[in-house]
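Subject: Structure handover and findings

Dear colleague,

Please find below the structure for your work. A short account of what was found in it comes after.

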Amino acid sequence: MSESNEIPIFRRGFGLKEQVREDLAQDYRSRLIEEIRSRGNRLQVGDLTILLAKEFGFCYGVERAVDYAYETKKQFPQRRVFLTTELIHNPRVNNNLREMGIGFLNGPGEGDCSIDDLTPQDVVIIAAFGTQVPEMDRLQKKGCVLVDATCGSVVLVWKRVEQYGRDGFTAIVHGNYKHEETRATVSRATQFPQGRYLVVWDKPEAQRVCDYIRTGKDKAGFLKYFDGKCSEGFDPDRDLLRVGVANQTTMLSSDSLEIGAMLKRAMADRYGAAALGEHFRSFDTICSATQDRQDAMLEMVKQKLDLAIIIGGFNSSNTGHLCEIASQYCPAYHIDEASGILSDCRIRHKPVGRTEPIVTEDWLPAGKLTIGVTAGASTPNRVIGDAIERLLEIRGYALAEEGLVR
Ligand code: SF4
């Protein structure tokens, strides 16, 4: 627990790990996944070979956040407990929390309570992506009990961005400007008088920034394009003189590295390599869990898959990037739950680059197949196990008959 303005903020749980262990196992454990792991991440059933990536599913930050949420409910059974927003980007987990009686200040849906209506008796859990500085200030002023489940890897990015703001470097963040984590991160920059930020989503957007750095042309067009993706009053002539690069922890790491290199070259072209230290800073802030899952996906897709299934919430950034990697090698389907596998003919999935799911027909070829399966960092094993069970089922195999359990 730490103190800030006399208000306690719990950052280490409540020492109730043992008491919530059984509930967590019941909600998220999968014996099927444990069995596949024990067989070297490979399951052979009839003409189906299912490969499971070496790293998949819950990361350390998500495990900690879910654990804290369950512990919080145990610690404060009589109090109202709210989450700032979805704890993590997984519908199963958020639904479970709601069923446990935990409400939401923001989404899913309209939210169950506004910050204005909180009282000092209420308990608020800050989601794994963290929260924006002004929201944190408002929560502290309300005097409610705060449980901070922000992942340590996100806090590391904040420290980097704060340093940029303190030193008068504009933070250029590779991320989704609408994502909770990126909103929280950029709010760290603007705490400082000279703190500025600009969010770039991909390489074409980074190229626009590089072009401006090199030529200084079309300021109006630049500001129009980045409207809403930069700090208030952003002036590229002033705010691109000194830049520091960071990234949302769950981006595609190869893209992040390339964007950092593009900006570095642009700054070197503009100011000369000798002066680069005064104008450019960079720090790779992809978290190790994201990196491990992307590396494992890459290793798996190189094994000649017929197709890949990637499981995770449709708003989960890291899950989407795993699908992006797989889609470069084979047909890849990002589903959120087993129910997305509608039949052996139809699948509801979110294609790379789309925001909404679609239904694809004739997705599963007949005959012998090797299918790669992985899941984003916010997907529980139970959800992955259910999807594999469903896959077997549509090909006519039952777990029990194969000597497997759920
Ligand atoms: S994906 Fe990385 S930053 Fe996000 S919660 Fe997991 S470990 Fe933390």
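This is a predicted model: local features need pLDDT of at least 70, side-chain atom pairs count only at pLDDT 80 or more; totals for chains, interfaces and linings use all residues.

Residues are numbered from 1 along each chain as its sequence is written, and side-chain values use heavy atoms, with hydrogens and water left out.

Helices here are DSSP runs (H or I, at least four residues), as are strands (E, at least two), numbered from the N terminus. The axes of α8 (residues 203-215) and α11 (residues 253-271) come within 9 Å and cross at roughly 10°; axes are lines fitted to C-alpha atoms, for helices over the stretch in contact, with angles from 0 to 180 degrees between N-to-C directions. The two helices are therefore roughly parallel (angles under 35 degrees).

Arg270 is placed in α11 and, leaving aside neighbours within four places in sequence, is in contact (heavy atoms within 4.5 Å) with Ile213 and Arg214.

The count of salt bridges (a side-chain nitrogen of Lys or Arg within 4 Å of a carboxyl oxygen of Asp or Glu) comes to 25. One of them joins Glu205 to Lys229, with the closest N and O atoms 3.0 Å apart. Glu205 lies in α8 and Lys229 in the loop between α9 (219-225) and α10 (236-239), so the pair ties together parts 24 residues apart in sequence. Glu205 is buried (under 20% relative accessible area) at 5%, and Lys229 is buried at 12%.

Yours sincerely

Methods: Angles under 35 degrees count as roughly parallel, over 145 as roughly antiparallel, 65 to 115 as roughly perpendicular and the rest as oblique. Buried means under 20% relative accessible area, exposed over 50%, partly exposed in between (1.4 Å probe, protein chains only).
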